[in-house]
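Here are my notes on the model you sent over. Have a look at the picture first, then go through the points in order.

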Amino acid sequence: MMGFPHMIPYANPLYFIYLLVALTPMIVTLLLKGKRWSWYQVLVTLFFLYMSFGGEDWKQGIALIGYVIWQTILVWFYFHYRQKQNAASVFYLAVFLAILPLVLVKVVPFVSGHASILGFLGISYLTFKSVQIIIEMRDGLIKEYHIFRYIQFLLFFPTISSGPIDRYRRFEKDVVNPPTPEKYVDFLGKGIHNFFLGFLYKFIIGYYFGQVLMPVAAKIAVKTGGFSWALVAYMYIYSMYLFFDFAGYSLFAVGTSYLMGYETPVNFNKPFLSWNIKEFWNRWHMTLSFWFRDYVYMRLMFTLIKKKVFKSRIVASNVGYFALFLLMGVWHGLTWYYLAYGMYHAALICLTDAWLRFKKKHKEKIPSNRWTHAFAVFLTFNAVCISFLIFSGFLDTLFFK
C-alpha cells in the first residue's frame, strides 16, 4: 500500500484508472445479480480513503479517524437519549458538539495563523451529514441507528471531499435495496454519461478558463490597477472556471455513485439560465443550498414566527436570509470577502422577494414574455458573476495587498 501515491479525488487521470479497476467487480456483480458485496465496498472505500488521506497527508487521516469516532459516539448517545426524552437543551448541545470540530478548524487558523490539527479534506460535508442525522432523529424521522450504516454514510468516498451532500434516509434506501440488473443498466448509462461530461467540464473547459485565461486576465488587471476592463474579464473568466471545475467534480462524484448503484442527487442544473437569484440557488450547488434551506432557514423562520419576534413575516424572512447567508459566508472562511459574498446574496434575495411581491400586485402593467425573461436571465447572470468576483478574493489582492 505504501507504493500508492497521495491523490486528491478526481484531480489526477491516474485516479480514474484506479477507480475503473476497483469498480469493475461491483459493476459486474450489479449487472449480473443485482447485489453488492458489502465487504468489497469496504475494501474499496478504505483504499480510496488511504489514497486521499494517507502517505504525506497521514495527519489528515488521523484527524479523519478521530472525527468519525467522535461523531459516531455522539450520534449513538443522542439516538439512545432521544428514545426516552426530547429536551431542547440536549438537542442543541448535540448539534453544538457535532459542529465543534468544524468550528475549531475554521477559527484556529484565524486566531493562531496555523491550520488546525483537526482539519481534513471534506470535514464540512461530513459535518453537514452528521448534523442532519441529529436533527432528523430529533424530528422522529430516523427511528433506527446502525453504527456501520452511519459510518458508511459518512465515509461514502465518491462524495467525501466536496459533496454532493446526500440525505441519510435516501442513502439508506439504496443500501438496503440495490438496483435490479434492469435498473442498474440505466444507472450505468447515467454514470458513464456523467464521466464523459465531467471530463469535458473539468479537464477541458475548466482547465482552459482556469489555467490559460485566468492568469493572463489577473496579471493585466493587477498591472492596470483599480477597476478596469481586465477586471471585468477576470470576473467572467473566474465565474466560468468556478462553475465548470466544480460542476465537473460533482459529475464525477455522481457518476461514481451511479456505477456503485447509488442514486446520489445532482448538484447543478444549468444555474446560469436562472431568471432570478432565488432560482439560481435552486440550481447552484443544490444539495448545499437545500441543506441550508431545510435545516437552517426553515427552522429559524419557524422559531421567529412562533415566538412572534417580528410582527411582519416579510421582516422575519429578510432577517432569516441575512442570518442564513452570513452563516454560509462564515462557513467558507473568516475573511471579509466571504462575509461580503454572503451579505451580497442575502440583499439580492430580499430585493428579489420585494420585486416579486410588486410584480404580483401590478402584473397587468408589467410585461412578461420571452424578452423580459431573457433580460432577467442576463441580469441574474451578471449579478452572480459580481458575487463570484467578490468570492474569489481577487479584490483583496488587487486593492489591499
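Which residues in H12 meet which residues in H13?

1. The H12 side consists of Ile-314, Ser-317, Asn-318, Tyr-321, Phe-322, Phe-325, Leu-326, Gly-329, Val-330 and His-332. They meet Tyr-338, Leu-339, Tyr-341, Gly-342, Met-343, His-345, Ala-346, Ala-347, Ile-349, Cys-350, Asp-353 and Arg-357 in H13. Contact here means heavy atoms within 4.5 Å. By class, that contact splits into 14 nonpolar, 6 polar and 2 charged residues. For the classes, Ala, Val, Leu, Ile, Met, Phe, Trp, Tyr, Cys and Pro count as nonpolar, Asp, Glu, Lys and Arg as charged, and the others, Gly among them, as polar.

2. Some ground rules before going on. This is a predicted model, with local features needing pLDDT of at least 70 and side-chain atom pairs counting only at pLDDT 80 or more, while totals for chains, interfaces and linings use all residues. Residues are numbered from 1 along each chain as its sequence is written, and side-chain values use heavy atoms, with hydrogens and water left out. Helices are DSSP runs (H or I, at least four residues), numbered from the N terminus.

3. Back to the geometry of that pair. H12 and H13 (residues 336–361) pack at about 155°, their axes 7 Å apart. The axes are lines fitted to C-alpha atoms over the stretch in contact, and angles run from 0 to 180 degrees between N-to-C directions. That makes H12 roughly antiparallel to H13. The cut-offs are under 35 degrees for roughly parallel, over 145 for roughly antiparallel, 65 to 115 for roughly perpendicular, and oblique for the rest. The crossing of H12 and H13 is right-handed; the call is left-handed if the near helix is turned anticlockwise from the far one by less than a right angle, and right-handed if clockwise.

4. H12 (residues 313–332) also packs with H11 (residues 286–306), at an angle of about 140° and with axes 9 Å apart. H11 and H12 are therefore oblique to each other, and H11 passes H12 in a right-handed crossing. This contact has 16 nonpolar, 2 polar and 1 charged residues. Among the H11 residues involved are Leu-288, Phe-292 and Tyr-297, and the H12 side includes Arg-313, Tyr-321 and Trp-331.

5. H11 has H5 (residues 123–138) as a partner too: the angle is about 40° and the axes are 12 Å apart. H5 and H11 are therefore oblique, with a left-handed crossing. Phe-128, Val-131, Gln-132, Ile-135 and Glu-136 of H5 meet Leu-288, Trp-291, Phe-292, Tyr-295 and Arg-299 of H11. Those residues divide into 7 nonpolar, 1 polar and 2 charged.

6. How many cavities of 30 Å³ or more does a search of the whole structure find? The search finds 1, and the largest cavity holds about 70 Å³ of space. A cavity is a set of points on a 1 Å grid over the protein atoms alone where a 1.4 Å probe fits but cannot get out, and lining residues have an atom within 4 Å of a point. H1 (13–33) and H2 (38–53) each supply at least two lining residues, and H1 gives the most, with 4. The lining includes Pro-25, Trp-37 and Met-260.

7. Two backbone spots deserve a look. Gly-163 and Pro-164 are joined by a cis peptide bond, omega about 0°, and Pro-164 sits in the loop between H6 (147–154) and H7 (168–176). Lys-270 has a positive phi near 45°, in the loop between H9 (229–259) and H10 (277–281).

Notes. 1 Å grid on protein atoms, 1.4 Å probe; cavity = no way out; pocket = protein on both sides within 12 Å on 5 of 7 lines; lining within 4 Å. Points joined across faces, edges and corners; volume = space filled by probe spheres on them.
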